[in-house]
Amino acid sequence: MTLDTCTPDAKQLLDINAALASICQTTACINTSETVKLSEALGRIVSAEILAPLDLPIARNSAMDGYAFRSADVIAGEPTTLKLVGTSWAGQPFVGAVNAGECVRIFTGAVLPPETDSVAIQEEVAASAQQVQLPAQIEVHKNVREIGEDLRQGQRLLSQGKCLNAADLGLLAASGIQQLPVYRRLHIGFSSTGDELIPVGQPLAPGQIYDSNRYMLQALLQNPAYQVTDLGIIPDNPEQLRNTLLPAAQQLDVIISTGGVSVGAADHVKDILTEIGSMHFWKLAIKPGKPLAFGKIQDCVFFGLPGNPAAVLTTYQQIVSPALQHLSGSQPAKPLRLAMRCTQAIKKSPGRQEFIRGLLLQDAEGELQVAPIGMRGSHIMSSSSLANCYIVLAADSSGVQQNDMVWVEPFSNRL
Ligand code: AMP
Ligand code: MG
């Protein structure tokens, strides 16, 4: 059974945007929420719009240490002498009236007495214990933070779907919000497939290799919005694939497996997915990145990634990561791409969009430049380890010359 959207011809190469659009069309995001305390909210996805319960700032206050005065007391171009009648501290406002010809000592964050509207910075006045002299060039209505200038009560504080960052938590705290509704965490299972794979910590027999994809996926999936389950290594055996994937799908929102999606005799993932669920099978027009099987097993979304580790990294970053953002209730972020000079020529034949592992550097003048790093094969992990960005070459590109401008996608969200 295939999914009921237009399935592209398997021979046709599909670009990333088309693949992502198809994923977003055929899957729904989480629709259950829970309440979390502010201290546990980092990285969670807001499930309902939050309105500002307070004006921010809540009171008119001083932006500087100085003296609060009334602008009406100042005659333009003349120095002004004012009587000092008290102090307004942060947390301890001045009580009493500030009459014409008077001022108060004030500190940053302290509430302005209601009669005052301006603050003179302490460095620009001559002050004694009883009086303050403002210079002739004093400016009025300065150094004052107005009520609600950051956010007005009732305005949108956070949108539904916002992934909470540190600044958001600060903003929520400033507004006195102690807890808030977020989508429940996306439950994701991940597995490797392959008879040759051995977990680290065991000796290798001839023909065996260590399973690297599962450890890499576990790292990629470390995210407060996800709850992950390691489904282990599944042998290249249809029965074992079926017996692992089917019960797992009943517990999970998403399964990501690697390997076994090509055309070899030991590649059973597509057949099992078709048997127990529904499948899109794509040849993505990207490199590295081989065939990718996407589908559903009951309500569980399934991603069958290639086996080669560098292709796993690229397909995760380019396809799975934005898809998981969509599924967990947030908007997939468009990758940031920067244009810069490439310090070396790169060979490429037209056909697929290529993600070349690169090292983004700043030269002595501060100008950004990029160099390809290491070998390019999809089994080459050392290049991925050294890289801090992708040099993104368009499908129709036939390579670049030294010092050509290229698009660079810095790695984000990756340790
Ligand atoms: P496959 O798509 O299963 O044919 O795998 C393609 C290549 O990736 C083969 O060389 C596999 O040995 C290798 N491979 C598959 N899974 C893993 C894994 N979990 N860790 C390291 N290499 C893998
Ligand atoms: Mg395999």
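Reply: Happy to. Two strands pair if DSSP finds at least two bridges between them. The elements themselves are DSSP runs numbered from the N terminus: helices are H or I with at least four residues, and strands are E with at least two. With that in hand, 6 strands make up an open sheet of mixed pairing, ordered β8-β5-β7-β6-β10-β9. Its edges are β8 (118-121) and β9 (126-127), each with a single partner strand, so one side of each has no neighbour in the sheet. Further in, β5 (residues 66-69) runs antiparallel to β7 (residues 102-106), joined by 3 bridges. A68 has V104 in β7 as its bridge partner.

A word on conventions before going on. Residues are numbered from 1 along each chain as its sequence is written, while chains are lettered from A and ligands numbered from 1 in the order in which they are written. The model is predicted, and local features need pLDDT of at least 70, side-chain atom pairs count only at pLDDT 80 or more, and totals for chains, interfaces and linings use all residues; side-chain values use heavy atoms, leaving out hydrogens and water.

pLDDT is the predictor's confidence in each residue, from 0 to 100. The chain averages 95, and 97% of the residues score at least 70. Residues 1-10 stay under 50, and the model gives them 22 contacts beyond four places in sequence, a contact being heavy atoms within 4.5 Å. Where pLDDT is low, the predicted coordinates should not be read in detail.

6 of its 7 residues are buried, so β19 is largely enclosed by the rest of the structure; buried means under 20% relative accessible area, exposed over 50%, and partly exposed in between (1.4 Å probe, protein chains only). On one pairing, β1 and β19 run parallel over 2 bridges, with L14 bridged to L284 in β19. On another, β19 and β21 are antiparallel over 6 bridges, and the partner of S278 in β21 is K296. Elsewhere in the sheet, β18 (residues 254-258) and β22 (residues 300-305) run parallel, joined by 5 bridges; I256 is partnered by F303 of β22.

The structure holds 5 aromatic pairs: rings of Phe, Tyr and Trp (its six-membered ring) pair if their centres lie within 6.5 Å, with planes under 30 degrees apart counting as stacked, over 60 as edge-to-face and the rest as tilted. W282 and F294 have ring centres 5.5 Å apart and planes at 20°, so they are stacked. W282 belongs to β19 (residues 278-284) and F294 to β21, so the pair ties together parts 12 residues apart in sequence. W282 is buried at 1% relative accessible area, and F294 is buried at 0%.

F355 is in β24 (residues 353-362) and Y390 in β26 (residues 389-393), so parts 35 residues apart in sequence are tied together. F355 is buried at 1% relative accessibility, as is Y390 at 2%.

Finally, charges meet rings as well. K270 lies over the face of F281, 4.4 Å from the ring centre, and the charged end of R214 sits over the ring of Y215, 5.3 Å from its centre. Here a charge sits over a ring if NZ of Lys or CZ of Arg is within 6 Å of the ring centre and within 35 degrees of the ring normal.
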